[in-house]
Structure formats: structure tokens, C-alpha cells
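Subject: Structure handover

Hello,

Here is the structure we discussed. Please open it alongside this note; what I found follows below.

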Amino acid sequence: MSSVLHLNVVTRVHGEGATEVRALRDVSFRASAGELVAVMGPSGSGKSTLLTLAGGLDAPTSGTVSVEGVDLATLGNGGRARMRRTSIGYVFQDFNLIPALTAVENVALPLELDGVRTRTARAAARTALDEVGIGDLADRFPDHMSGGQQQRVAIARAVVGDRRLILADEPTGALDSETGEDILRLLRVRCDAGAAGVLVTHEARHAAWADRVVFLRDGVVIDETGTDAAEGLLESGVTR
Amino acid sequence: MSRPGAGRVTSWRLALRIAAREALRARGRSVLVLVMIALPVLAVTAADVLIQTQSVSSVEGLDRRLGSAAAQVVVPAEGRPMIQAFDPYDGNTSDGRKQEPPAAADISAALGGARLVVERTGGVDVRTDKGYASADSVEVDLRDPVAAGLVDLTSGRLPQDAGEVVVNRALLDKGYAVADRLDIRGKDAPSPVIVGVAESPELRTYPYVAGPVGSLGVSAAYAGGPTWLAAGGPVSWETVKDLNAMGATVLSRAVIEDPPPASEVPAEIRSWSSGSDNAVIAAVALVVVMALLEVVLLAGPAFAVSARRQSRSLALMAASGGTPAQTRRVVLAGGVVLGGAAAVLGVILGIGAGWLLVPVVQRWSSTWFGPFDVPWPHLLGVAAFGLASAVLAAVVPAVIASRQDVVAVLAGRRADRPPSARSPIAGVLLIGGAVAMAVFGTTSGDTGAFLIAGAAILAVLGMLFIVPVVVIGVARLAGRLPLSPRYAARDAARHRTRTVPAVAAVAATVAGVVALGIAVTSDEAENRGTYTPTLAMGQAAVTGYGLKPAKWDEIEDAVRREVPDADVELVLAAAGRGSSVQITAPHHRGPLLETMTENFGSSILVAGAVPSVVPGVSAADRARADEVLARGGVVAFTDDRVDDETAVVRRGHERVTVPAAYVRFTAGSYPPLAAIVPPAVAERLGAETSTGALAVTGTDISATQQENLSEAISAVSRNAGFYVERGYQADQGTKIVQLVLAGLGAVLMLGGTLTATFLALSDARPDLATLSAVGASPRRRRGVAASYALVVGFVGAVLGAVVGFIPGLAITVPLTAPAYSDTGPFLDVPWLMILGLVVGLPLVTALIVGLSTRSRLPMVARLE
């Protein structure tokens with residue numbers, strides 16, 4: 001199984017001296033195609049830092065982050081941005097749709113940013129919205145949609161253009177439990193279709209949707225469950 | 001705290017505390033508002049300080065005019081009783097019959113036995129290398145203690161007798177040095193020797209000479225009446241009035257320094273100074289209102305963004321029991337805090353800037369400034385203006401904040417309410433009112449200009465109500481645009497509290513520039529349209545009147561010396577001595593010409609062909625006229641239709657009938673002569689001929705040559721002048737005004753757009769972070785910023801240009817077609833400038849914004 005995302009002995013330190021915070025310490029982590037990995041841990045354990053590093057929004061203090069075999073550090077800011085347009089999809093707790101754009105425009109955004117012609121991009125976006133079940137709301141603005149609908153738009157935006165890595169940061173945090181389950185089911189479907197998914201959550205029942213669960217505390221992987229646990233433990237053992 | 005008054009004070013204290021904290025927290029935005037309000041305050045303060053320093057008040061100028069004397073007494077009207085203002089220079093007039101002028105002894109007695117020193121002020125012409133230069137002069141015994149302060153001796157010594165003078169640096173620059181003899185025109189006695197350099201306390205760059213009585217040959221009559229400086233005790237207003245009755249005016253130190261009540265000034269004099277006060281007040285009020293509006297509009301977006309940033313805390317305040325009034329107060333307090341700080345800062349820095357600028361401006365001025373002067377009452381008003389503009393800018397955001405939907409804010413939705421459907425109707429009504437007022441203004445004479453200016457303000461206010469609808473319309477149309485402009489247009493429409501004032505600020509600026517631009521260009525068109533050439537285009541001539549032939553020879557020498565390449569042709573005129581030559585058409589009634597000037601020394605020229613210098617004759621007419629002159633006929637100019645082929649030429653009892661060409665001057669020229677007769681006819685009538693002008697032809701005359709020749713000719717005679725017809729020359733001042741207008745418009749437009757754009761960018765931080773997360777390249781931020789600037793600049797410029805036409809078109813009527821004139825109205829729209837404003841400037845602004853925006857997108861560790 002090829003790993004779409006690979007964090008190799010990654011450390012991220014925020015600040016200096018007295019205010020230094022080690023958000024992640026020597027963490028190694030893989031996510032493969034067709035696999036949904038849940039990352040769990042209490043507040044401040046480094047879950048979100050892991051996601052921002054995986055998406056190239058932030059750079060590690062040491063160690064390497066590779067997506068589809070490419071070390072993100074070797075790409076410039078522009079290259080990492082291209083990566084996010086073509087390979088990586090983000091889903092946030094607060095949806096983070098752009099209120100000035102309609103649903104279909106929000107979904108078409110990564111394609112348009114990548115230079116795809118508007119008409120083509122919108123067609124692809126409509127298909128993606130159909131896939132998440134809200135094709136009829138395509139021309140609405142986010143302010144006129146429910147939370148669940150907005151999160152579906154966000155997922156459609158994360159997968160549009162056949163992106164193979166989906167990074168979801170507490171995607172159900174702002175939703176009621178039933179809607180939340182629907183959203184997770186959608187993520188599961190995308191992974192079964194061949195994407196690699198990383199789901200950051202602090203709710204154990206959401207982790208049930210995942211193939212594998214990684215536990216973080218104070219920036220260190222303290223436990224791993226699931227099919228590839230042995231490989232993960234082995235790697236973390238090697239680095240100690 | 002149950003007392004209502006105390007509650008209000010506490011509530012304001014709380015609001016001010018929150019506002020001050022918020023101002024410190026959002027430093028960038030606070031600095032922006034501070035700069036925007038402090039800058040105009042600073043500029044006005046500095047200008048006011050400069051004006052007050054530059055102007056010399058009666059009290060400040062006393063030593064310049066009196067030296068150390070107690071009073072200056074002038075007998076201006078041969079002894080007629082006088083009435084005067086406290087300072088006779090502010091107004092004085094004779095009031096009664098001529099009587100015996102008071103002698104020095106009488107005046108001295110009236111002043112309680114004061115010692116009198118004769119003073120004669122006036123002007124002299126001093127010889128220079130090129131001709132003569134004028135200089136101000138004063139004759140007084142400079143060594144007398146009473147004259148101390150009249151001049152400021154910088155080197156050499158004061159004159160001791162009538163053979164010595166002191167001059168200022170400006171006169172030395174005309175080609176003199178200390179120990180030279182000063183060559184004064186018309187002075188019979190030997191020329192005085194320059195013994196020192198002394199600056200006039202008033203004149204800086206104008207030549208000035210001072211010496212004892214008799215040294216300069218200034219006659220007492222020329223100096224405006226016998227004048228004395230009085231050394232003695234203080235001269236009271238009662239004494240001044242006594243001397244007025246004797247026929248003298250008095251500048252009294254005691255009266256100026258401690259004036260009696262204003263009612264003491266005779267009513268006749270008092271009315272002199274209050275002539276144009278209303279017009280000035282109206283103009284100042286207009287400028288203040290427009291400036292206030294502009295500053296309010298520029299600062300408005302900053303308060304709108306502040307209020308939005310605070311919206312969560314304000315909603316929490318409301319959720320925990322705060323009233324809408326309290327919410328409003330918090331936002332308004334932001335205006336009070338920033339406006340107050342900006343006002344104080346602006347005034348202090350403005351005084352400093354004025355102090356620094358005084359020596360700089362002094363270099364450009366021809367007179368010496370008074371002492372450094374800080375006009376505190378004015379500055380208090382200027383500071384109040386700054387404070388008021390900030391508070392006004394905060395009003396709309398405050399009202400909106402107090403009405404916000406608490407639930408929506410706490411749920412994180414962040415758009416403005418939909419606009420009222422009534423507001424565009426109000427806007428259209430206001431603009432309609434403005435049009436009506438402007439049209440009325442074009443028909444109502446003197447007050448018209450003020451009505452039109454009022455219409456301008458009304459139109460800008462009306463436009464404010466229309467801007468939201470236009471912004472929303474632009475957003476609707478943006479669906480097909482590429483991502484960045486689409487995002488910018490939609491975001492602008494969603495956040496109208498910050499977009500509308502910014503667009504309106506740009507629009508108000510553009511409206512002002514367009515209106516003034518149309519006015520200035522049309523005024524220029526009127527000047528060009530009503531310009532009458534003195535000579536034919538490209539011709540040059542020396543003209544003069546009453547000059548003896550010897551003087552003309554001297555002038556001709558001067559022309560050959562200064563413009564050696566030129567041909568000099570004599571233009572002969574029929575001399576006015578004895579009976580004059582008259583020409584009539586046999587079958588024509590009434591005069592041939594209604595009006596005429598004599599540009600060439602006489603109304604009748606004597607020549608065998610039409611001299612090339614005569615303007616306003618078409619080529620065909622010229623050929624026809626030359627042909628008739630060659631046949632021995634005359635050319636008569638007319639402004640009527642004359643079909644005759646002959647003319648009767650008379651002088652006294654002599655009379656001949658000869659062939660004639662009747663020529664009309666081309667449109668737009670003013671007849672410079674009545675007729676041209678050939679030498680034979682002049683001879684037959686016995687008319688004398690003399691030189692009327694010298695045509696200088698055959699070469700282009702440079703500006704330097706023109707200046708040198710003019711100076712040389714004025715040395716020969718004061719009644720001769722040299723003129724080169726270069727056609728209509730646009731006033732340099734007009735061009736400068738246009739440039740300043742365009743520059744000011746550009747700066748204000750850039751300011752308004754930049755403010756709105758950077759506030760929008762800071763407001764759009766979460767959106768930009770999202771864009772980054774879904775893969776926007778760093779350049780995208782620049783694209784969004786430039787698009788935002790383009791939307792604000794373009795919408796504002798188009799609206800402003802449309803609105804600016806209302807007062808712009810209207811003002812051309814009173815400006816170029818005044819009631820008493822029969823020309824105009826002239827209308828010339830500066831399309832190029834308007835195109836530049838509407839298309840060019842928004843693009844340039846967008847480019848500047850795009851280039852100056854940080855390209856880094858927000859890379860937040862945890863996206864909120």
C-alpha cells in the first residue's frame with residue numbers, strides 16, 4: 001500500500017526561550033490510499049499542528065513531510081499552494097466557506113485557482129455537490145445554508161478535482177450528532193473510493209469510522225491501533 | 001448610581017475606557033484614523049500660522065512705520081478736514097471745505113509741543129545697465145532718534161547730509177555698490193553717494209533707498225502730502241480727532257495699541273471694510289462643509305471596521321443587558337478618543353510645521369513677515385473640526401452596531417443588513433433637488449455661484465444614498481468575472497458600512513475635481529474666445545504716443561542694438577495736430593466704426609500698403625485693400641456692411657473723393673485703427689505724418705530679447721512700449737491650478753481607495769486564510785487587493801464624474817457669461833482629464849495597491 005502522506009520524525013516548536021512550546025516531538029506518521037486515519041488526543045496535544053504541517057500551511061522545525069512522495073520543504077510557497085489546489089483537501093470545524101462566493105463557486109475555488117476555465121470548474125463543482133447530496137443548493141450563499149449543508153460544501157471543495165489526501169479538522173464539531181454522522185459517512189465513502197483521509201477528532205465514537213487511530217499527547221504519539229499499528233510502532237521505536 | 005445624570009457620566013466613562021483600549025489594541029487602524037484626521041488639521045494649522053505670521057497687523061507694523069515716534073501726521077488734502085479709521089491706512093477721507101493747511105507749529109501745538117521731524121515717502125527711478133528701475137524711497141533724518149527702526153542698517157553707516165543715502169540689498173543687485181553715486185532720474189542736484197546698506201523693515205526684494213530730506217529730490221506733493229514724525233507723549237484719540245478737524249490724518253501709536261471702542265470710527269469709514277464679508281463667510285462655510293464631508297467619508301470605513309471587530313464584544317454586552325444606547329456610545333467614544341488625539345496632535349505638529357516653514361516661505365515673498373504668530377482662537381476651531389469629523393465618521397457605524405442582530409453575530413455570521421429600498425429614492429430626490437438648484441443658480445445673478453455650490457453639496461449627499469444600490473448592482477454583475485474581481489465586488493457589497501463611505505469619498509473628490517475642472521477649462525475657453533490680438537499674429541512693434549522724432553531715432557537704435565537681425569519698418573500715422581482727417585462713405589448712414597482704439601499712435605495710418613502688423617484683416621481683404629491703396633484710394637475699416645466703391649476724405653475745408661476699400665475686421669478682434677490713406681492723399685489734404693509705431697520684422701524675437709528691449713525702450717521714454725503678438729497665452733496660473741487639482745484629486749482618491757482596501761484586507765483575513773488553505777498562491781492576495789481597489793475607485797470615479805457635471809455645467813454660466821457681457825456662456829469640458837480620472841486613476845490606484853500589498857497570505861497555525 002503506497003502512503004499518500006508521510007511525516008518522518010517531525011518536530012514543530014513554536015516560539016523561543018521561555019515561551020517555547022513543543023507542539024510536536026519526533027512524530028512519524030503515514031496515511032495510505034483508501035485509508036481513513038483518526039488522530040485523537042486532548043486539547044493542546046498537537047492534533048491541529050499535525051494537520052497544518054500535512055497541508056503545507058506550516059513548516060516543521062525538523063523532520064520531513066511528504067505528500068505523494070514529494071517532500072513539501074523542497075517546494076516553495078507557490079509549490080505548496082499548488083499542492084493544496086491539486087492534491088490536498090481541507091475540511092475545517094467552522095467550514096470556512098467564503099461568504100462572498102456561492103456554494104458552487106466555493107467548491108470550484110481550488111480548480112479556478114489552478115487556472116481551470118470557469119465553465120469547466122463549475123461543472124466539476126456541480127458534480128462534486130451532487131456527490132455530497134446538495135446539488136440543488138449550488139447557487140446559494142453560505143449564509144443561507146445550515147451548518148450540515150455548509151460542511152457538505154466544504155467536503156465537496158476538499159475532494160473536487162480528484163484530490164487524494166483529505167485533511168479534516170474536527171469536521172463535526174459544530175454539527176448535531178446526526179448530521180455529524182452523515183458527514184463522516186461521506187468522508188468514509190471518499191476514502192473507500194481511493195483517497196487517503198486524516199480525521200482529527202476528540203470523540204471516540206467518530207474514531208469508529210476510521211481504519212486506524214493514532215493517539216497524541218503533549219506532541220508525542222502515545223498509542224496506535226488498527227491494521228498498520230505494528231509498522232507505526234516500529235517506526236516510532238526506531239526514532240527513539 | 002441611581003441618579004440618571006451620574007449614570008450617563010459613568011456610562012460614557014466606561015465607553016471611553018473601552019474605546020481607548022480598543023484604539024491601543026488595533027494600532028494600525030488607529031494610526032490610520034489619526035493620520036487621516038490629523039493631516040488636514042495639521043495643514044490648516046500650518047497655513048493659518050503662516051498667514052498670520054506673514055500678515056503684519058497694525059500693532060506689529062507700528063515700528064516699521066513710526067520708528068520710535070509717537071505718531072505720524074499727514075496733511076493729505078490741502079487742509080480739508082479729515083475723518084479716519086484708527087489706522088488712517090484702513091480708511092480716511094476728506095470731509096468739508098478747503099481751509100488753510102496747518103503749519104508744523106500748529107500741529108506741534110496740538111500735540112502738546114511735540115518735536116516734529118519731516119518725512120517724505122515716495123518712489124524714484126534709478127538708472128540701471130538696461131534702463132531704469134523703480135525703487136521705493138523715504139527722505140527722513142535717519143540719525144534722529146525718532147527714526148530708529150525705520151531702517152535696519154546692515155553695513156556701512158547712516159547718511160549725514162543730503163549728499164548721502166543708504167540702499168537695500170535688492171537695489172545693490174541692480175548694479176550698484178557702496179561708495180557708488182546713485183543715478184536718480186529727474187534729480188537736478190548732484191547724485192548722492194551710497195554710504196551704507198540698510199534693509200527696509202517691509203520690502204525684501206524690491207529696491208529701496210533712504211536718505212535725508214533733499215537727498216533724493218522727492219517732492220512733498222508727490223509724497224501724498226506733508227508728513228511729519230512726532231516725538232512726544234502718547235497721542236490720544238481725542239487729539240487725533242482735533243488734528244483731523246485741522247486737516248491732518250494721524251497714525252498714533254497709543255490709539256493703535258489700545259484702540260477706543262469701534263463705535264468711535266466714523267460710520268462712513270466703518271462701512272468701507274464690511275463690503276464682501278457675507279461672500280467670504282459663505283465661501284469659507286462651503287469649503288469647511290466639503291472638507292468635513294471628505295474627512296468624514298475617508299475616516300468612516302475605519303470606524304466601520306472597528307465596530308465590526310468589536311461586534312462580538314458588543315453583542316456579548318447586549319446579551320448581558322447592555323442597551324443599544326450603550327453600544328452606540330462605545331463606538332462613538334472611539335471617535336472621541338481618536339478625534340481628540342488627532343486634533344491635538346495635528347495642531348501641535350501644525351504649529352511646528354508653520355514655524356519651520358516661515359523662513360522657507362519668506363524666501364519667496366517680496367516683503368518681510370511679521371513676528372511668529374499663533375492664532376489660538378482659530379486653532380481651537382480647527383481642532384474642534386478634527387474632533388467633529390471623527391465623531392461624525394463614527395455615527396453611522398455606531399447606529400448600525402447598536403441595531404445589530406445579537407444572535408447572528410454570536411453565531412458568527414458577518415454580513416450587513418440588506419439596504420433600505422427607500423434610500424435610493426431619497427438619493428434621486430436629493431440629486432433632482434440639486435439639479436433644480438443648479439439650474440436656478442444659473443439664472444439668479446450674483447447669488448448664483450453660492451446656489452450652485454450648495455447644489456454641489458446636495459448632489460454629493462444624494463449620491464451617498466445611491467452608492468449602496470450601485471455597489472450591490474456591481475456585485476450582481478460580477479458573477480461572470482474572474483475570481484479576484486468577483487470576490488472583491490461581492491465582498492464590497494456584503495460589507496457596505498466600510499465600502500460605501502470609501503466609494504463616496506472617492507466620488508466626492510472626483511465630483512469636486514470634475515466640477516472645478518469644467519469651470520477652469522471653460523473659463524480658459526472664455527479667455528481664449530474673447531482674446532483680441534493687438535498686432536497681427538507673430539508680429540512685433542514698438543508703439544508710443546507723443547514722442548518727438550529724436551526719441552523715435554533713439555528707440556530705433558535700441559531695437560537695432562537688442563535685436564540686430566530684425567528689419568525695422570516705420571509705421572506712419574496722420575498726426576493729430578490741427579484738424580483731423582475724416583472719412584465718410586457717400587451712401588452709408590451713421591459711423592463706420594462703433595468703437596475703436598488707437599494702437600498705432602493715431603486712428604489713421606499713412607501707407608502704400610496695409611502694414612503687416614495690423615491685426616484682424618483676412619488675406620483676401622488685405623489683397624483687395626493693397627490694390628486700392630496702390631490705385632491711390634483709401635482703406636476704411638467698418639463694422640457694418642458698406643457697398644460703396646468710393647470714399648469722401650476730409651480735413652478741415654479740404655475734401656477729396658477717392659476709390660475706397662471697405663474692410664471688416666475678422667470676428668473676435670477689436671478695431672485698432674479707422675483707416676489707411678496713401679501718402680499722396682495725406683499730402684493733398686495737407687496732413688502731417690509722423691511715426692506712429694516701429695514694426696520689428698524679419699526675425700523671431702525671444703523672450704529675453706523682448707525683456708531687454710522693453711527695458712531699453714522704457715529708458716528712452718515712459719510713453720513707449722514694446723509688444724510681441726504671440727497669440728493667446730494660457731495663463732500660467734490656470735495650468736498650475738489644473739495640475740494642483742489633478743494632483744489633489746489623485747492623492748485623495750488614492751487615500752480613499754487605499755484606506756478602504758487595506759481595511760477590507762484586514763477584515764477579510766479569515767477568507768484569505770481559507771483561500772490559502774485551498775491552495776491560493778501568494779500572489780492571489782495582491783490580485784484580490786488590486787481588484788478591491790479597482791471596484792472602489794472605478795465605482796466612485798464614475799458616480800463622482802456624473803455628479804460633478806451638475807455644478808460643473810451650471811457654474812460655467814455665471815462664470816463665463818456675466819450679466820453685463822454679451823459673450824458666452826463658454827463651455828469646455830476637459831474630457832481627457834475626466835477620462836484620466838474615471839479610467840486611468842482607478843487603474844493606477846489598483847496597480848499601486850497591488851504592488852504595495854504584502855503577498856504573503858495569512859498562514860495561521862490554527863484557523864479560527
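A definition to begin with: a polar contact is a pair of N or O atoms within 3.5 Å; within protein, one must be able to donate a hydrogen and the other to accept it, and residues adjacent in sequence count only if both atoms are side-chain atoms. By that rule, eight residue pairs are in polar contact between chain B and chain A, both residues at pLDDT 80 or more.

Some ground rules. This is a predicted model, in which local features need pLDDT of at least 70 and side-chain atom pairs count only at pLDDT 80 or more, while totals for chains, interfaces and linings use all residues. Residues are numbered from 1 along each chain as its sequence is written, chains are lettered from A and ligands numbered from 1 in the order in which they are written, and side-chain values use heavy atoms, with hydrogens and water left out.

The interface

Contact means heavy atoms within 4.5 Å. On that basis, 27 residues of chain B meet 30 residues of chain A. The buried area is about 2500 Å², and carbon and sulfur atoms give 59% of it. That area is the accessible area (1.4 Å probe) that two parts lose on being put together, summed over both.

There are four salt bridges between chain B and chain A. Each needs a side-chain nitrogen of Lys or Arg within 4 Å of a carboxyl oxygen of Asp or Glu. One salt bridge links Arg494(B) to Asp143(A), with the closest N and O atoms 3.1 Å apart. On the side of chain B that touches chain A, helix H16 (483-494) and helix H23 (765-773) are the elements giving two or more residues. H16(B) gives the most, with six residues. Helices (H or I, at least four residues) and strands (E, at least two) are DSSP runs, numbered from the N terminus.

Chain B

Nine strands of chain B form an open sheet with mixed pairing. The order is E6-E8-E7-E9-E5-E4-E10-E1-E11. At the edges are strand E6 (152-156) and strand E11 (249-252) of chain B, each pairing on one side only. Two strands pair if DSSP finds at least two bridges between them. Strand E1 (residues 71-74) of chain B runs antiparallel to E11(B), and four bridges join them. Val74(B) has Thr249(B) as its bridge partner in E11(B).

Elsewhere in chain B, Pro807(B) sits in helix H24 (residues 779-816). Is Pro807(B) buried or exposed? Pro807(B) counts as buried, at 9% relative accessibility. Buried means under 20% relative accessible area, exposed over 50%, partly exposed in between (1.4 Å probe, protein chains only). Not counting residues up to four places away in sequence, Pro807(B) touches Ile452(B), Ala456(B) and Ala515(B).

Chain A

Helix H1 (residues 47-54) of chain A has eight of its eight residues buried, so it is largely enclosed by the rest of the structure. Among them are Lys47(A), Ser48(A) and Thr49(A). Just after H1(A), Gly56(A) has a positive phi of about 75 degrees.

Most residues other than glycine have a negative phi. Two residues to check on that score follow. Glu170(A) has a positive phi, near 45 degrees. Glu170(A) lies in the loop between strand E7 (165-169) and helix H6 (177-192) of chain A, and counts as buried at 11% relative accessibility. Asp218(A) has a positive phi of about 50 degrees. Asp218(A) is in the loop between strand E9 (212-217) and strand E10 (220-226) of chain A.

Best wishes
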